[in-house]
Amino acid sequence: MTPTEREKPSASDDVEASETLAPKVDASADPKEESTAPTGPAVGTRWSRPVRAAAMAAAVLVPIAAAAFFYMRYTADHSTLEVQNSARAAACEYAKTMTNYNAQNIDEYIGNVLDGATGEFKTEFSKTSSELKDVITSAQIKSEARDTSCGVANADDEHAEVVVAMSVSISSLGTQGRQVPSQISLVATMDRIDGHWLVSKLDAPALEPASPAQAPAAEQPVPR
């Protein structure tokens, strides 16, 4: 045998080597016994579904909640504005009723004032209405409302306080029929009764102590 022939591996040597290197398989092992440990993707899938569902719910509910909030806020603000406007309009109209009178329509005037009043103010005005009629008739007092400006100091659904500033012109026997301009400020406390705003209190410094018939304070010309 030559050296070359001795060094060349035989086919049987290759088979033995491959059997040595190949992993041995246990024939008794059950092929069904596999690892049941959860893999990364399976865990992620199990948790991602609730997260996605919650995210979708939030995406839907948050805009709805925001819309509901702003709608309620708008409704409340709109309702408050309506209350203020209605109270202001009623007070302005009543101020004109209070300052438009003359000796010829005194009975109608007293009736209109009482119709728009309630509570303390109505009681007081009713008590002094006879005296007021005598004063206006005897002095031939005539009052006419001019410009009127009104603002709501505070208000809720049932009560309001309205500040009124107005200019009037008053004439009487004392002015020899000449109309004298004057400025009058009123603070009207309003109560809403059966859907109507009525005056329950009236603070009128220019008209005190009794009534709009007291011309001396009102007959002073407006400074120019």
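Visitor: How many helices and strands does the chain have?
Guide: This is a predicted model, so let's keep that in mind as we go. Reading from the N terminus, the elements go α-α-α-α-α-β-β-β-β-α. In total, that's six helices and four strands.

Visitor: Which element has the lowest mean pLDDT, and which the highest?
Guide: Across the chain, pLDDT averages 73, and 56% of the residues score at least 70. Residues 1-6 fall below 50 and have one contact in the model beyond near neighbours in sequence. Among the elements, the lowest mean, 39, belongs to helix H6 (residues 215-218), and the highest, 95, to H4.

Visitor: Which residues of H4 are buried?
Guide: Start with the other side of the helix, where Asp107, Glu108 and Asp115 are exposed. An α-helix has 3.6 residues a turn, so residues three or four places apart point the same way. The buried ones in H4 are Ile106, Tyr109, Ile110, Val113 and Leu114.

Visitor: And how wide an arc do the buried residues of H4 cover around the axis?
Guide: Ile106, Tyr109, Ile110, Val113 and Leu114 are the buried set in H4. They sit on the same side of H4, because the arc they cover around the axis is only 130°.

Visitor: Which element gives the most residues to the largest nonpolar core?
Guide: That core has 35 residues, and Tyr109, Phe121, Phe125, Met166, Leu186 and Met190 touch the most other members. Elements giving two or more residues to this core are helix H3 (40-99), H4, H5, strand S1 (142-155), S2, S3 and S4. The top giver, with seven residues, is H3.

Visitor: How many residues apart in sequence are the parts tied together by Asp107 and Lys133?
Guide: Asp107 and Lys133 form a salt bridge, with their closest N and O atoms 2.8 Å apart. Asp107 belongs to helix H4 (residues 106-115) and Lys133 to helix H5 (residues 119-139), so this pair ties together parts whose separation in sequence is 26 residues.

Visitor: Is Lys133 buried, partly exposed or exposed?
Guide: To be buried, a residue needs under 20% relative accessible area, and to be exposed, over 50%. Lys133 has 32% relative accessibility, so it counts as partly exposed.

Visitor: Which residues do salt bridges with shared partners join into one network?
Guide: The structure holds three salt bridges. In one of them, Lys142 pairs with Glu144, the closest N and O atoms being 3.3 Å apart. Glu144 also pairs with Arg146, this time with the closest N and O atoms 3.1 Å apart. Through those shared partners, the network is made of Lys142, Glu144 and Arg146.

Visitor: How many residues apart are Cys92 and Cys150?
Guide: A search of the whole structure finds one disulfide, and Cys92 and Cys150 form it, with their sulfur atoms 1.7 Å apart. Both of these cysteines are buried. Cys92 is in helix H3 and Cys150 in strand S1, so to speak distant parts of the chain, and their separation is 58 residues.

Visitor: Is that disulfide between Cys92 and Cys150 right-handed or left-handed?
Guide: Look at the torsion about the S-S bond of Cys92 and Cys150, which is about 130°. With that torsion, the disulfide is right-handed.

Visitor: Is Ser167 buried or exposed?
Guide: Ser167 is found in strand S2 (residues 159-171). Leaving aside neighbours within four places in sequence, Ser167 is in contact with residues including Glu144, Arg146 and Ser182. Its relative accessibility is 12%, so Ser167 counts as buried.

Visitor: How far apart in space are Gly195 and Glu158, C-alpha to C-alpha?
Guide: Gly195 is in the loop between strand S3 (180-193) and strand S4 (196-203). Gly195 counts as exposed because its relative accessibility is 59%. Along the sequence, Gly195 and Glu158 are 37 residues apart, while in space their C-alpha to C-alpha distance is 9.2 Å.

Visitor: What share of the 224 residues in the chain is buried?
Guide: Buried here means under 20% relative accessible area. Out of the 224 residues in the chain, the buried share is 26%.

Note on methods
Residues are numbered from 1 along each chain as its sequence is written. This is a predicted model: local features need pLDDT of at least 70, side-chain atom pairs count only at pLDDT 80 or more; totals for chains, interfaces and linings use all residues. Side-chain values use heavy atoms; hydrogens and water are left out. Buried means under 20% relative accessible area, exposed over 50%, partly exposed in between (1.4 Å probe, protein chains only). Contact means heavy atoms within 4.5 Å. A salt bridge is a side-chain nitrogen of Lys or Arg within 4 Å of a carboxyl oxygen of Asp or Glu. A nonpolar core is a set of buried Ala, Val, Leu, Ile, Met, Phe, Trp, Tyr and Cys residues joined through side-chain atoms within 4.5 Å. pLDDT is the predictor's confidence in each residue, from 0 to 100. The arc is that of the directions from the helix axis to the C-beta atoms. A disulfide is a pair of cysteine sulfur atoms within 2.5 Å.
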